[in-house]
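Let's take a walk through this one together, a few strands and helices at a time. Here it is.

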Amino acid sequence: MLEGSFYHLLESLLPPTKSPNDHLKLRKDGRRFSIVHGQDLLRLEYLSACKVMQDRETTARLLPAVPHKLYPALFEAAILHSFYSRKGPGWKQTTLSSSVIPLILHWPYETMCVRDLIPPLPPPLRKCRGDTLNTVGQRLQHFYDNVMHLIPHTFLQGCTDTEGERNLRALKTLDVSGHYTQVDGILSPTHLLQMVKKAYNPNTCTEYERFTIVVDVRIDDGSEKKFNDLGIICTLSQHHGAVLVVKLRSVHIVSVSMKKIQYFIELLANNGTECLELEMCDVDDSGLDSLLCMSECLTSLSLAYNRSVTSLHFLAGMSNLCQINLSGIRLRDKVEALSALPRGLEYLKMVGCFLKSPDLEALSTTRHMLTLRQLDLSENSFGLPADFFALCNLCKNLVKISVLELEGCFLNVVVPESLTQLVNILSSLPDLCYLRLTRNDFSSRVIRSHLSDLAHCKSLQYLCLTTPSDMYISDVYSENDRQIKQLHNQFDELLQAVRETQIHVEWTEEASYSHWFYTI
């Protein structure tokens with residue numbers, strides 16, 4: 001869930017950490033170029049690697065003589081070059097295929113984990129400050145989708161075909177899980193089953209070459225065929241005649257009745273599935289007991305918007321769970337059950353769970369305060385003094401938090417002095433890099449006064465806010481030149497406050513206003 005969520009892209013999407021070494025550098029001709037996450041795209045080694053990786057014939061001829069330890073660097077160069085050499089919105093598939101296919105076929109190690117090999121691919125945010133995180137993510141999505149098609153396609157062809165260059169040199173296990181990708185074709189249950197059957201040989205002896213591919217699967221249409229295909233895949237992968245073994249690292253099921261998938265849970269446990277997401281699946285307390293068969297292998301679980309869940313008693317048996325999404329479940333007076341988890345959580349999402357001060361106090365005393373890296377408490381009302389101060393106490397204990405979301409929590413009704421306390425606490429968090437405070441309806445004056453305080457947080461790189469309501473004008477006052485001039489001044493002051501923070505600020509608009517004065 002942590003890797004599969006949108007935020008695994010944070011390292012790629014956020015601007016580089018504020019460091020003297022990350023500033024723009026001058027070339028000999030006086031033009032400037034940027035250092036992207038420590039990657040000098042003009043260094044000799046990188047340019048040489050890119051040149052080699054452009055020519056498939058040259059690459060295939062040279063790779064057998066290349067030291068094994070250089071292969072990851074060549075893979076990185078191939079990805080970087082293909083991404084940054086794109087022209088316009090299109091994607092130069094020939095460039096990537098010419099580079100990556102020979103690398104996979106000649107890969108000198110038994111295992112390739114793609115999510116560990118793909119380098120950060122940040123766009124030049126300094127040149128497009130108006131882009132939102134979602135906009136930048138969409139630009140990357142197309143590229144990732146093609147990467148996640150090409151690599152498994154090459155591997156599957158290489159381990160099932162016997163035609164010359166299709167044979168893999170040493171690669172036996174390919175892990176393409178963990179990336180946020182919308183590719184379905186090559187990694188769909190139907191296609192994977194075809195490849196498993198193609199490589200299946202029940203008459204073979206026990207000593208033979210086996211290949212393994214680790215994937216993520218999503219089912220959101222309730223298709224009986226997809227469940228049947230996955231069931232056959234899990235069963236065949238356990239058989240001694242399986243030449244191609246499919247490991248389902250993450251399975252995401254949406255809007256499918258729990259009765260339909262209960263039989264499937266045991267198959268996933270035997271397959272070693274680590275992440276299970278059952279969202280809007282009519283899961284109730286009795287259905288949760290069926291998850292205990294996965295207690296040893298499950299590290300990530302989502303039960304989002306299963307409103308029939310009234311108890312979290314089953315968590316005591318989840319020995320390895322470190323990521324959990326409980327959004328949309330009424331958790332008032334039930335949060336204490338999280339303390340039964342024997343392992344500290346890294347990711348916790350509780351959106352719209354009707355949390356109040358006793359729940360926040362119970363959460364702040366758990367071991368999870370020492371391990372949480374991502375926490376989402378959006379759409380819980382913390383406007384009352386008791387709830388707000390409980391939130392402050394909770395935030396104070398988040399010693400490792402990197403991503404914090406407090407969207408739509410009614411923080412605007414808190415008195416300014418109390419809000420200052422929360423801002424000071426957030427500014428003191430040593431690892432906080434992403435903060436979402438949208439839909440709290442802060443005025444431009446409140447934002448201006450607190451932006452400078454947030455700037456003291458040296459780790460904060462990305463801040464999400466909603467355009468202040470006092471920056472909007474209605475039809476009634478649209479002809480009032482004096483008011484418009486006043487709004488211009490307010491807007492200029494707000495922009496100046498943003499510039500001084502050196503934080504990338506993303507603004508969203510509230511649709512409830514008839515007109516907005518200016519889109520930031």
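Is the crossing of H12 and H13 left-handed or right-handed? Before the reply, some ground rules: this is a predicted model, where local features need pLDDT of at least 70, side-chain atom pairs count only at pLDDT 80 or more, and totals for chains, interfaces and linings use all residues. Residues are numbered from 1 along each chain as its sequence is written, and side-chain values use heavy atoms, leaving out hydrogens and water.

Now the reply: H12 and H13 cross in the left-handed way (the near helix is turned anticlockwise from the far one by less than a right angle; clockwise would be right-handed). The H and S labels go to DSSP runs, with helices (H or I) of at least four residues and strands (E) of at least two, numbered from the N terminus. Helix H12 covers residues 357-364 and helix H13 residues 385-396; their axes come within 8 Å and cross at roughly 15 degrees. Axes here are lines fitted to C-alpha atoms, for helices over the stretch in contact, and angles run from 0 to 180 degrees between N-to-C directions. That makes H12 roughly parallel to H13 (angles under 35 degrees count as such).

Where do they touch? On the H12 side you'll find Ser357, Leu360, Glu361, Leu363 and Ser364, which meet Ala386, Asp387, Ala390, Leu391, Asn393 and Leu394 in H13 (contact means heavy atoms within 4.5 Å). Sorted by type, the residues of this contact come out as six nonpolar, three polar and two charged (Ala, Val, Leu, Ile, Met, Phe, Trp, Tyr, Cys and Pro are nonpolar, Asp, Glu, Lys and Arg charged, and the others, Gly among them, polar).

Next, the strands. Strand S7 (residues 211-219) has seven of its nine residues buried, so it is largely enclosed by the rest of the structure (buried means under 20% relative accessible area, with a 1.4 Å probe and protein chains only). Strand S6 (residues 173-175) pairs with S7 in the parallel sense over three bridges (pairing takes at least two DSSP bridges), and Leu174 has Ile213 in S7 as its bridge partner. S7 also pairs with S8 in the parallel sense, over nine bridges, and there Val215 stands opposite Leu248 in S8.

Keep going and S8 (residues 244-254) pairs with S9, again parallel, over five bridges. Val254 sits opposite Glu279 in S9. In a regular strand the side chains alternate between the two faces of the sheet. In S9, Cys275, Glu277 and Glu279 point one way and Leu276 and Leu278 the other, and all are buried.

Note on methods:
Parallel < 35°, antiparallel > 145°, perpendicular 65-115°, else oblique. Buried < 20%, exposed > 50% of the residue type's maximum accessible area, 1.4 Å probe, protein only.
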